[in-house]
Amino acid sequence: MIISRDILWKGIIEDLFDDFLWYFLPDLAQNEVDFSQGFEFLDKELDSLLPENERSKRHADKLVKFYTKTNKIGFALLHIEVQGYPDAHFAERMYEYSYRIRDRWKCEVCSFVLYTDNKLDFHPTKFEKRYYTSHILYEFGTFDLSQKSEAMLEVAGNPFSIVMKVAKKAIEKGQLSDKKQLVWKVALTKELYQAGYSRKKIQHIFDFLRFYVTFATPNSKELFDQNVEPITKPVKPMGI
């Protein structure tokens, strides 16, 4: 079974959205987000903002409506992009998304990018354009996974730490044999099941771990299943 990484990211962000906020945007979570009112995921609305010829190029993006503690309107929007390959027009696309979102909903918009590859030349943090007397400068928040060590990815008590460790290993996949992949996958599975997270969160993260980085041979997958069965047996994994 093969599941695209874009689908896996969209799923894990939605399933663990509160943990995502505390992991990447703790100031926003602490000062602005009213968690008691929940969230609304506006993926279809985000898709409608794109021209018809661009919709087939959709990436791992999310648009989330959250209720605020301080905003007079009562809500704001978070635009998330998970970018895993070079795109020369990416910064401009972020800018275009921002003004289209703002124009439609007339509210504050926070933009955030998670870079999951190691192509440092294609990890912009802003879009800037000048033309005579006009100057556009649009900056957005970013998290560059390739520049983080495994220790830096650990946030105590936050299950998204394990998600990020899996993504970090994916960058190194080309340098790792199936045997070495088996070792780290089993180790992270043990860490996940011993961390004391809720059953539902464990199920979501374990599915992400299983499908995000795949083995080269079916035999290695079988060995992984055999090795983790004693660990996962108390909590049966949920399919995506």
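Salt bridges, each defined as a side-chain nitrogen of Lys or Arg within 4 Å of a carboxyl oxygen of Asp or Glu, number 18 by this rule. The structure is a predicted model, in which local features need pLDDT of at least 70 and side-chain atom pairs count only at pLDDT 80 or more, while totals for chains, interfaces and linings use all residues. Residues are numbered from 1 along each chain as its sequence is written, and side-chain values use heavy atoms, with hydrogens and water left out.

One of these salt bridges links aspartate 225 to lysine 221, with a distance from N to O of 3.1 Å. Both residues belong to helix α9 (residues 218-232), where they are four residues apart, about one turn of the helix; helices here are DSSP runs of H or I with at least four residues, strands are runs of E with at least two, and both are numbered from the N terminus. An α-helix has 3.6 residues a turn, so residues three or four places apart point the same way. Accessibility is described by relative accessible area, with buried meaning under 20%, exposed over 50% and partly exposed in between, for a 1.4 Å probe and protein chains only. Aspartate 225 is partly exposed at 31%, and lysine 221 is likewise partly exposed at 46%. Salt bridges with shared partners also join Lys10, Glu14, Asp43, Asp61 and Lys62 into one network.

A further salt bridge pairs arginine 130 with glutamate 128, their closest N and O atoms being 3.9 Å apart. Arginine 130 is exposed, at 59% relative accessibility, whereas glutamate 128 is partly exposed, at 38%.

Strand β5 (residues 126-131) runs antiparallel to strand β6 (residues 134-139), and six bridges join the two; strands are taken to pair if DSSP finds at least two bridges between them. Lysine 126 has glutamate 139 in β6 as its bridge partner. The hairpin formed by β5 and β6 has two residues between the strands, and tyrosine 132 takes a positive phi near 55 degrees there.

The loop between β4 (109-115) and β5 contains threonine 116, which is buried at 12% relative accessibility. When residues up to four places away in sequence are not counted, threonine 116 touches Trp9, Val82, Gln83, Gly84, Leu145, Ile171 and Tyr212, a contact being defined by heavy atoms within 4.5 Å.

Helices α6 (residues 160-171) and α7 (residues 178-194) have axes that come within 11 Å and cross at roughly 175 degrees. These axes are lines fitted to C-alpha atoms over the stretch in contact, and the angles run from 0 to 180 degrees between N-to-C directions. The two helices are therefore roughly antiparallel to each other, a description applied to angles over 145 degrees. In their contact, Ile162, Lys165, Val166 and Lys169 of α6 meet Trp184, Leu188, Glu191 and Leu192 of α7. The residues of this contact divide into five nonpolar, no polar and three charged, where Ala, Val, Leu, Ile, Met, Phe, Trp, Tyr, Cys and Pro count as nonpolar, Asp, Glu, Lys and Arg as charged, and the others, Gly among them, as polar. Lysine 169 also forms a salt bridge with glutamate 172, the closest N and O atoms lying 3.9 Å apart; lysine 169 is buried at 19%, while glutamate 172 is partly exposed at 25%.

Helix α2 (residues 17-24) is mostly covered, with six of its eight residues buried, namely Phe17, Asp19, Phe20, Leu21, Tyr23 and Phe24.

Note on methods. Parallel < 35°, antiparallel > 145°, perpendicular 65-115°, else oblique.
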